[in-house]
Amino acid sequence: SERVVAAVRAGLRDLGENYVQEAVAMRAALADALEPSLVTALTWHGIGHLQRNKARDALACFTWFHGVDSAALAAELSKRAERDVTVLLQVNLSRETTKSGVAEEDLPALLDAVRGLPHLRVAGLMTMPAPAEDPETSRPVFARLRALAERHALVELSMGMSDDFELAIEEGATLVR
C-alpha cells in the first residue's frame, strides 16, 4: 500500500483491483494514509471477473466495472446500484474457454440490453488476448477491439497488461491494467 500511497500523492487517481476483498483492504489503507480530499478524488475500477452474487459488495467499492460479460450480470448491477456506474463490456476475441467475455457476434445484443438498464453507463469495451511469448501477437486483437468500439460509438478501451500495454496504447487503449 505504500507504493499506491506514493502513486496517489504523485497524481494517480484511477486505481484498479481484481477482487472486492483486496479493494476493501486497499481503500482502508489509503483512508488511513491519505488526506480525505485525495481519498474522495479516487476512481476505483473493478478489473477482475465479477460474479453476480458479489455485485452488492462490488458496488460498495467500485464505480467502474471492466468485465461486464452478460446481460444477467449487468441487470444485477443495475438492480443493486444506488448511483450511476460505468461499465465496459468484455469481449472474448480470442475465444478462449478459460476467459470470460461475450463473443464478438453477440456484442450488439449485449450492448442493447445493457444500454437499456438504469444506473449503468456503457463507456467502452475490454478484452484480454491469449497469453503469448511475443506481445506483438496481441496487436490484431487490440485492433479488432478498437474497430468494434468505433462501430458502436464507444470511447473507452480497456486492454493491455504488463507484457503488452505499449502495443495496446498504440492500438488505442484508453485504460491499461
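The following conversation sets values from this predicted model against the cut-offs behind each term.

Trainee: What does Leu77 touch, if its neighbours within four places in sequence are left aside?

Mentor: Leu77 is in contact with Leu50, Ala55, Leu59, Phe65, Val68 and Leu120.

Trainee: Ala55 is on that list. Why is Ala55 called buried?

Mentor: Buried means under 20% relative accessible area. Ala55 has a value of 0%, so Ala55 is buried. This residue lies in helix α4, residues 55-61. Beyond its neighbours within four places in sequence, Ala55 is in contact with Leu50, Glu76 and Leu77.

Trainee: Is Glu76 to be called buried or exposed, and what decides the matter?

Mentor: The relative accessibility of Glu76 is 16%. The limit for a buried residue is under 20%, and therefore Glu76 counts as buried. Glu76 lies in helix α5, residues 71-80, and touches Arg52 and Ala55, not counting residues up to four places away in sequence.

Trainee: Ser78 is found in helix α5 as well. How do you know whether Ser78 is buried or exposed?

Mentor: The same test is applied. Ser78 has a relative accessible area of 6%, so Ser78 is buried. Leaving aside neighbours within four places in sequence, Ser78 is in contact with Leu117, Pro118, His119 and Leu120.

Trainee: What makes His119 partly exposed?

Mentor: Partly exposed covers the range between the buried limit of 20% and the exposed limit of 50%. His119 stands at 30% relative accessibility and therefore counts as partly exposed. His119 lies in the loop between α6 and β5 (120-126).

Trainee: What is noted about the phi of His119?

Mentor: His119 has a positive phi of about 75 degrees although it is not a glycine. Most residues other than glycine have a negative phi. Ala153 also has a positive value, near 55 degrees.

Trainee: Why is Ala153 called exposed?

Mentor: Exposed requires over 50% relative accessible area. Ala153 is at 65%, so Ala153 counts as exposed. Its place is in the loop between α7 and β6 (156-158).

Trainee: How is Asp106 classified, and why?

Mentor: Asp106 is at 42% relative accessibility and therefore counts as partly exposed. Asp106 sits in the loop between β4 (85-90) and α6 (107-115). Asp106 and Ser70 are 36 residues apart in sequence and 9.9 Å apart in space, C-alpha to C-alpha.

Trainee: Let us return to helix α7, where Phe142 lies. How do you know whether Phe142 is buried or exposed?

Mentor: Phe142 is at 0% relative accessibility and so counts as buried. Not counting residues up to four places away in sequence, Phe142 touches several residues, among them Thr127, Pro129, Met159 and Leu167. Phe142 and Met159 are 17 residues apart in sequence and 7.0 Å apart in space, C-alpha to C-alpha.

Trainee: What makes the aromatic pair of Phe62 and Phe65 edge-to-face?

Mentor: Ring centres must lie within 6.5 Å to pair, and planes over 60 degrees apart count as edge-to-face. For Phe62 and Phe65 the values are 5.9 Å centre to centre and 85 degrees between the planes, and the pair is edge-to-face. Phe62 and Phe65 are both buried.

Trainee: Finally, why are helices α1 and α2 called oblique to each other?

Mentor: The axes of α1 (residues 2-9) and α2 (residues 20-33) come within 10 Å and cross at roughly 60 degrees. Roughly parallel needs under 35 degrees, and roughly perpendicular begins at 65. The angle falls between these limits, and α1 and α2 are therefore oblique. Their crossing is right-handed. Val4, Val5 and Arg9 in α1 meet Met26, Leu30 and Ala33 in α2.

Methods: Residues numbered from 1 in each chain as written. Predicted model: local features only at pLDDT ≥ 70, side-chain atom pairs only at ≥ 80, totals over all residues. Heavy atoms only, no water. Contact = heavy atoms within 4.5 Å. Phe/Tyr/Trp six-rings, centres within 6.5 Å; stacked < 30°, edge-to-face > 60°. Buried < 20%, exposed > 50% of the residue type's maximum accessible area, 1.4 Å probe, protein only. Axes fitted to C-alpha atoms, helices over the stretch in contact; angles between N-to-C directions. Helix = DSSP H or I, 4+ residues; strand = E, 2+ residues; numbered from the N terminus. Parallel < 35°, antiparallel > 145°, perpendicular 65-115°, else oblique. Left-handed = near helix turned anticlockwise from the far one by under 90°.
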